[in-house]
Amino acid sequence: MEEMAGSKRKMEQQPTLKLYYFDIKGKGECIRLICSYSGLELNDHRFSSRDEFLAMKEGTRLQFGQVPMLEVDGKHTMVQSNSIMRYLGKLSGLYPTTDHILAQKVDAVMDQATDVFTGSSILKYGPRYAIELTPEAKEKSYEHYNQTVLPTHLRKVERYFSKSSTGWIAGTVEPSPADFVWYTSLINMKNHKELTQKIKNLEDYPKIKVFMKKFESLESIKEYYENSSK
Ligand SMILES: N[C@@H](CCC(=O)N[C@@H](CS)C(=O)NCC(=O)O)C(=O)O
């Protein structure tokens, strides 16, 4: 990966990019952030209502009925956030295209974010996964997730950061797509109200905390949040 100054790079020619997502951070935010960081122009379409999303879901443009969806040049519709992130990483030079070992590392840590937070998705959106929990079972599961499952995962992620010589999760010179995914996953974790404050404050994970600060100190990210109401 070429070393960049960490600010926006100018792209002579880029495809037109239109993101369809809700007006929340969720799984769309990493897409907005990588575009903002790399200087890719993005039309950030946020549904004005759930009905607008449902109307789109009934049509044929959402391959699996889910968003985020990235429309490219008005004709290609891309879904699955991690694969969209790889695509945008390739467009912007933030995904390793010649070092296949490094690329695998980036992919693995992105997939790991999915694994770490699958539990919280299930607890939040149980019926979507065909899981119906009684309030008591839900409370017990949250306790186990907060006390054991999440800390076990986060300790391993902390170790991963310890091994990085650059502070970025896969050890890349610049943030890779995996850093955008991890940053937004951790922000979403902080917004998940059933998780404990101790977890949200990342009290036991100083390296992850440093990563969050490092990410938020990037000029383009600061600029993005200064101009974003959410
Ligand atoms: N693995 C997919 C998950 C996409 C997903 O769960 N999307 C949710 C919003 S975050 C969605 O579209 N929910 C509405 C629905 O399923 O009806 C990804 O990473 O893009």
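Where is the place of Tyr-125? Tyr-125 sits in the loop between helix 4 (100-124) and helix 5 (135-162), helices being DSSP runs of H or I with at least four residues, numbered from the N terminus. The model is predicted: local features need pLDDT of at least 70, side-chain atom pairs count only at pLDDT 80 or more, and totals for chains, interfaces and linings use all residues. Residues are numbered from 1 along each chain as its sequence is written, and side-chain values use heavy atoms, with hydrogens and water left out.

**Tyrosines and surface**
- Tyr-125 counts as partly exposed because its relative accessibility is 35%; the class lies between buried (under 20%) and exposed (over 50%), with a 1.4 Å probe and protein chains only.
- Tyr-225, in helix 9 (residues 219-226), is partly exposed at a relative accessible area of 22%.
- Between the C-alpha atoms of Tyr-225 and Leu-33 there are 9.5 Å in space, against 192 residues in sequence.

**Ligand site**
- Residues around the ligand (a heavy atom within 4 Å) are Tyr-21, Phe-22, Lys-27, Arg-50, Phe-53, Lys-57, Gln-66, Val-67, Pro-68, Gln-80, Ser-81 and Arg-128.
- An oxygen atom of the ligand is 2.8 Å from a polar side-chain atom of Lys-57.
- A nitrogen atom of the ligand lies 2.7 Å from a backbone N or O atom of Val-67.
- The side chain of Gln-80 places an N or O atom 2.7 Å from a nitrogen atom of the ligand.
- The protein buries 79% of the 510 Å² that the ligand exposes when taken alone (Shrake-Rupley method, 1.4 Å probe).

Conventions:
Helix = DSSP H or I, 4+ residues; strand = E, 2+ residues; numbered from the N terminus. Polar contact = N/O pair within 3.5 Å; in protein donor to acceptor, adjacent residues only side chain to side chain.
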